[in-house]
Amino acid sequence: MDIGKSFSYPFEDNQWLSKLGLGTVISMVPILNFAMTGYMIEIVRNLMRGVQQPLPNWDDFGRKFMDGLMLVLVGLVYALPILLLSCLPLSFMAVPAILSSNGDMQYVAEALAGVGGVLLAGMACLFVVYGLVLSVIFPAVYILYAREGTFASCFKLREVFDIIGKNGGPFFTAWGISLLAGLGVGLAAGIVSSILGLIPCIGWIASIVITLGVGVYISVIYAHLFGQFGQIAYQEKPLLPSDQPTVG
């Protein structure tokens, strides 16, 4: 894997400023920003096809939006177990609030509130572990979706674990670098944004734009890393020059 390429490749595109800039603007709009996830999927597809400059144009916006929407729904399905389990400690904390109005039930209410607090602390630890597991699974899910483009493909867990298990070295390299990139670039952007935030109006606007722009940059780094991994995992043959899509 070419780690350095994941950080530098966007700037090799002659239209990088307009493409990333438009991505930043789209990221500001709720719901519409699902298209940014679709943009990441297109980067993964381009890498797996062997496109040398995989930074896509923002044409075919509808497809990008639908890809992003599909993966948001997939994320909700994967998060469903945690969402359902979170109802248990919340119920233990809601019931005492109702019982506390009755003096005879005061001790019961306090006991239930204590149980709810313990459960909530335990669930918080479980949330962290489950979130970590999802952060490992989801890159492989993205790759399967980029290949097949169907909702069902995102739940082929046997294939997900198969491609991770057989290519553990490059996968966890990409996974680790993506985490470090998010922390490092995000920290640097946070410092710059904090300084700009001291300047009224113009500084505040610049701070918001930089924060969102860096988020887009981190997203394309992530997509490039796992696009490279997808090419390794499936040993995709690059397209012939005449078959490659135009990326501008």
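Start with Lys-64 and Glu-42. Their side chains form a salt bridge, 2.8 Å from N to O. This pair links distant parts of the chain: Lys-64 sits in helix 4, residues 61-85, and Glu-42 sits in helix 3, residues 34-48. They are 22 residues apart. Keep in mind that this is a predicted model.

Is Lys-64 buried or exposed? Buried, with a relative accessible area of 1%. The cut-off for buried is under 20%.

Next pair. Arg-45 and Asp-67 also meet in a salt bridge, at 3.1 Å, N to O. Arg-45 belongs to helix 3 and Asp-67 to helix 4, so this contact ties together parts 22 residues apart in sequence. Both Arg-45 and Asp-67 are buried; for Asp-67 the relative accessible area is 6%.

Asp-67 has another partner, Arg-63, with the closest N and O atoms 4.0 Å apart. Here both residues lie in helix 4, four residues apart, about one turn of the helix. Arg-63 is partly exposed, at 41%. Put together, Arg-45, Arg-63 and Asp-67 make a network of salt bridges.

How many salt bridges does the whole structure have? The search finds seven.

Last stop, helix 7, residues 157-166. Its buried residues are Val-160, Ile-163 and Ile-164. They cover an arc of only 100° around the axis, so they fall on the same side of helix 7. On the other side, Arg-158, Gly-165 and Lys-166 are exposed.

Methods: Residues numbered from 1 in each chain as written. Predicted model: local features only at pLDDT ≥ 70, side-chain atom pairs only at ≥ 80, totals over all residues. Heavy atoms only, no water. Buried < 20%, exposed > 50% of the residue type's maximum accessible area, 1.4 Å probe, protein only. Helix = DSSP H or I, 4+ residues; strand = E, 2+ residues; numbered from the N terminus. Arc of directions from axis to C-beta.
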